[in-house]
Each structure stands twice: as C-alpha cells, then as structure tokens.
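Please keep the sequence and the 3D view open as you read.

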Amino acid sequence: MKGTVIRNTGAHYVARTSDGIEIKCLAKGNFRIKGIRTTNPVAVGDIVELTDLGPDGVAYISSVVGRRNYIIRRASNLSKATHIIAANIDCALLVASLAHPTTSFTFIDRFLATAEAYNVPAALLINKTDLLDNDDDRELLEAVKYLYRSIGYDVFAVSAHSGEGLEALVDFLKGKVTLFSGNSGVGKSTLINSLIPGLNLKTAEISQAHDTGMHTTTFSEMYTLPQGGEIIDTPGVRGFGVVEFASDEVDHFFPEIFRISQQCRFGNCTHTHEPGCAVLEALNDSLIAQSRYSSYLSILEETGDNADKYRKPY
C-alpha cells in the first residue's frame, strides 16, 4: 500500500492514500534513505510504502518511493545536522517580508541557491505590503521585485491582511505542490489562512523588543487548496545553511552570475580576484547586484575545501 506523507511530527507521520484515507505511521528504527543522512529520513511530500497496518490503525513505512526532487538545509550555517524540508514539490516559495521582521537578502539568496542546486523551481513572495507605508519602503519593494524578476524568478507582493496581490498568487498555486518556507514572523500562517478559509492555523504577534517572529508552526504539514493543488507549510527558520555545495559549482546556483561567467578568461575563475573576470567587470558596471555577489561570496567561503584562498576584492 502506498501513501503520500502529509504530516511529520518528529518520529510520527500521517500518510494519505490515493483514495483519501489518512493513516498514522512510523518509520522503522533503522530506516535511512540510501546516500542521504538527515535528521528526518522521511519528509512531507514523500510517497511511501506502508506495511504492517495494525489493529490500532498505525502502519510502518518500509520504503520511500524514488523522489523526483527534494530541498534540504543545515539547521544553521555551522551545524553538521541536515534536514529535508520537503520532497516531490513543483515550487519552493520563499515567503519574506521587508518590515516587521525584515528578511535579509543573504537568507533569500541562500534559499534560492539551494533550490537551484536541488533542481526545485523557486519563487519569491513578499508579504506584509500593507506595512510598507512610506515612499522609501515602496521604492525598496519595487527594487526587490525588479532584481529577482530580472534574474528569472517569479515574484509576488501581497498582503495577507488586506488581500492585496492574492488573486495572482492563487492562480500561480493552482495544480502545484508548493513548499511555503521563510523566517518566523513573515506571516506564513496568516497567508495560508487567507488561501484556505476555515483552516485557522495559529498565528502570533511579532516581538516588539526584537522585531522577530515566534514559532507558531511546529511541524510540517500538507494542505489542499480549494482551487486545486497543495501547500506544504513548514516551521519558520532563522538561518539557512547550505548543504554539499562544491566551491567550483557555487556560481551555477546564481543564474545571472553563471550566465556572465561564461565570458571569463579562465574556466576555473572564482570571480574574486582573477584578471579577465567578466563577473567582477559586470559587478563594477552594476549589472550584478552587490547583494547577490555578497551572498555568492558568503557561500563560497563556507564550502571549506578551498575557502582560505578566497578573498573579497574590496
């Protein structure tokens, strides 16, 4: 019997069969995915084989059917522990905010680069546009939209409270399995409540002392959208550590840097100091955003194997 994992609460799972039956299940004690060592061997979105359905209605997960994709992160930039966020997804949607709290560009870029590395289409959603109440805030919003759209990402600007921009988002989500991820406090739960009336996910106020969010989602769960498609809601995260990036491949995960890198003089150019580097030239000409290049450097310096030789050219 097969099912799709729709809820993960630590060691306990819920899988939904093709006829809509939800079954509580456990992973066997020695269960591991071949070649992947993570804190969670099974993730929401996985298609699993279920065996040994007992009289209490609990089954065991005997195997995971081959994943078409997944997205993974480190618990923090310095942690060795890794966590599969979700599997078999059509889009990884990063929910961010430019005020109360402010999502850093480094966090955005690390998420997008990880999606690129694991072959997951990604998009960016800026929530809480109702809080952008002056000209400077609105100019920043337009700049962010322009930057990421020019790279090739879909960008949505919405307000879960006022409803601004939700219609375009609803159309985008139709028929897809979409991961919702982001920092705590960016309004994921409020947004999902707006998309699925009656769901009533728990929400919390932002800390006024630190302008940060509280963790209201404590486990991952898949929800069905009224118009068709699914959302995978995940707990908020504060940092996004990348996993298994080779230093000579980091530029592949920044599409605009990779396109321009084809014009570099040297095939093994790190885009940090080499003569004839087209990326550095484009950076000086403002054809690559400084924020994106800084994010590229932060990942490059984290890859470890040759990290000591990389130096910032400024």
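Leaving aside its neighbours within four places in sequence, which residues is Asp46 in contact with? Before the answer, a word on the source: this is a predicted model, in which local features need pLDDT of at least 70, side-chain atom pairs count only at pLDDT 80 or more, and totals for chains, interfaces and linings use all residues. Residues are numbered from 1 along each chain as its sequence is written, and side-chain values use heavy atoms, with hydrogens and water left out.

Now to Asp46, which sits in the loop between β3 (22–27) and β4 (47–51). Helices (H or I, at least four residues) and strands (E, at least two) are DSSP runs, numbered from the N terminus. Beyond its neighbours within four places in sequence, Asp46 is in contact (heavy atoms within 4.5 Å) with Gly3, Thr4, Val5, Pro41, Val64, Arg67, Ala87 and Asn88. Asp46 has 0% relative accessibility and so counts as buried; buried means under 20% relative accessible area, exposed over 50%, and partly exposed in between, with a 1.4 Å probe and protein chains only. Between Asp46 and Ser63, 17 residues apart in sequence, the C-alpha to C-alpha distance is 10.0 Å.

Stepping back to the protein chain, you will find 7 helices and 13 strands. Of its 314 residues, 51% count as buried. Among contacts with a separation of 6 or more, 63% are between residues 24 or more positions apart.

Next, look at the helix pairs. Two packed helices are described by the angle between their axes and the distance between the axes. Here axes are lines fitted to C-alpha atoms, for helices over the stretch in contact, and angles run from 0 to 180 degrees between N-to-C directions. Helix α1 (residues 105–117) and helix α7 (residues 290–300) have axes that come within 9 Å and cross at roughly 65°. The two are therefore roughly perpendicular to each other; angles of 65 to 115 degrees count as such, under 35 as roughly parallel, over 145 as roughly antiparallel and the rest as oblique. In this contact, residues of α1 including Phe105, Asp109 and Leu112 meet residues of α7 including Arg292, Ser295 and Ile299.

How do α1 and α2 (135–151) compare? Their axes are 14 Å apart and pack at about 25°, so α1 and α2 are roughly parallel to each other. Phe105, Ile108, Asp109 and Leu112 in α1 meet Leu140, Val144 and Tyr148 in α2. Those contact residues divide into 6 nonpolar, no polar and 1 charged, where Ala, Val, Leu, Ile, Met, Phe, Trp, Tyr, Cys and Pro count as nonpolar, Asp, Glu, Lys and Arg as charged, and the others, Gly among them, as polar.

Helix α4 (residues 188–195) is mostly covered, with 6 of its 8 residues buried. The buried residues of α4 pack against β8 (91–97), β9 (122–127), α3 (166–173), β11 (177–181) and β13 (230–233).

Finally, confidence: pLDDT is the predictor's confidence in each residue, from 0 to 100. The protein chain averages 87, and 86% of the residues score at least 70. Over residues 206–215 the pLDDT stays under 50. Where pLDDT is low, the predicted coordinates should not be read in detail.
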